[in-house]
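Biologist: I have only just opened this one, so please walk me through it one place at a time.

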Amino acid sequence: MTRSESYSKHSLLLIALLLTAFMAGCGGDSKGTPEISSAAVSSTVAANFAAGVPINQKIAVTFSEVMSPLTITATTFTLKQGTTPVSGTVAYLGVTATFTPSSNLTPNTAYTATITTGARNLAGNALASNFVWSFTTGAFTDATAPTVSSTVPVIAATGVPINQKIAAIFSKSMDPLTITATTTFILT
């Protein structure tokens with residue numbers, strides 16, 4: 001074997017090793033298998049086929065995992081009355097996206113909400129298909145303030161483990177953008 005053939009074999013081996021290392025670092029598990037699972041929708045507010053939804057209701061979707069915030073937009077989260085788009089804004093926090101209509105929804109009217117496959121998880125994987133759900137509004141606004149219906153731990157509990165997660169259960173669905181550790185959910 002000549003010196004140049006030896007260098008060529010070593011160069012090819014080095015390139016193969018570097019390419020393998022690069023591919024292993026591109027995501028996935030410790031064996032270098034890329035993540036290929038798609039995200040999913042876990043729940044919605046308003047619920048699918050709900051009736052009597054308040055006309056001032058914000059529409060929300062909770063995902064099965066953290067999503068790429070740049071892919072949760074007014075293009076990937078839409079609300080329509082028939083074929084007419086409803087104007088509004090989209091916000092994303094944690095695993096929840098919220099569509100806030102620009103004005104109250106029309107009373108006693110059917111609406112369809114959609115999360116498109118443009119919504120992607122942090123690994124870049126899209127939803128397997130568009131997620132579509134529908135609901136019908138009532139003739140009223142929701143003016144009832146939410147209450148805290150229970151807590152973990154319960155009020156005045158003693159002997160609470162030092163690693164206990166603290167939780168509050170509300171009487172109704174809450175806007176996740178209003179629940180923060182600095183202003184509305186404080187532990188002292």
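Biologist: Where does Ala46 lie?

Modeller: Ala46 is found in the loop between E1 and E2, where strands are DSSP runs of E with at least two residues, numbered from the N terminus. Please keep in mind that this is a predicted model, in which local features need pLDDT of at least 70 and side-chain atom pairs count only at pLDDT 80 or more, while totals for chains, interfaces and linings use all residues. Residues are numbered from 1 along each chain as its sequence is written, and side-chain values use heavy atoms, with hydrogens and water left out.

Biologist: What kind of peptide bond joins Val45 and Ala46?

Modeller: The bond between Val45 and Ala46 is cis, with omega at about 5°. Another cis peptide bond runs from Val152 to Pro153, where omega is near -5°, and Pro153 sits in the loop between strand E10 (148-152) and strand E11 (167-170). For background, most peptide bonds are trans, and most residues other than glycine have a negative phi.

Biologist: OK, phi then. What is the phi of Phe49?

Modeller: Phe49 has a phi near 70°, which is a positive value in a residue other than glycine. Phe49 belongs to the loop between E1 and E2, and with a relative accessible area of 68% Phe49 is exposed (exposed means over 50%, buried under 20% and partly exposed in between, with a 1.4 Å probe and protein chains only).

Biologist: And what about Ala156, where is its place?

Modeller: Ala156 is in the loop between E10 and E11, and its phi is positive, about 70°, although Ala156 is not a glycine. Its relative accessibility is 71%, so Ala156 counts as exposed.

Biologist: Switching to sheets: what is the strand order in the open sheet of four strands?

Modeller: The order is E1-E3-E7-E6, with antiparallel pairing, and two strands are taken to pair if DSSP finds at least two bridges between them. Strand E1 (41-45) and strand E6 (88-93) are at the edges with a single partner strand each, so one side of each has no neighbour in the sheet.

Biologist: How many bridges join E1 to E3?

Modeller: Four bridges join E1 to strand E3 (residues 59-63), and the two run antiparallel. Within that pairing, Val41 stands opposite Phe63 in E3.

Biologist: Which residues make up strand E4, and how many bridges join E4 to E8?

Modeller: Strand E4 covers residues 77-81 and is joined by four bridges to strand E8 (residues 110-115), running antiparallel, with Thr78 opposite Thr114 in E8. E4 is also joined antiparallel to strand E5 (residues 84-85), by two bridges, and there Gln81 stands opposite Thr84 in E5. E4 and E5 make a hairpin with two residues between them, and Gly82 in the turn has a positive phi of about 70°.

Biologist: Last topic, rings. How many aromatic pairs are found in the whole structure?

Modeller: The search gives five aromatic pairs, counting rings of Phe, Tyr and Trp (its six-membered ring) with centres within 6.5 Å, where planes under 30 degrees apart are stacked, over 60 edge-to-face and the rest tilted. One of the pairs is Tyr111 with Phe135, which is stacked at 5.8 Å centre to centre with 15° between the planes. Tyr111 lies in strand E8 and Phe135 in strand E9 (residues 131-137), so the pair ties together parts that are 24 residues apart in sequence.

Biologist: Are Tyr111 and Phe135 buried or exposed?

Modeller: Both Tyr111 and Phe135 are buried. Elsewhere, ring pairs link Phe77, Phe99, Phe131 and Trp133 into a cluster.
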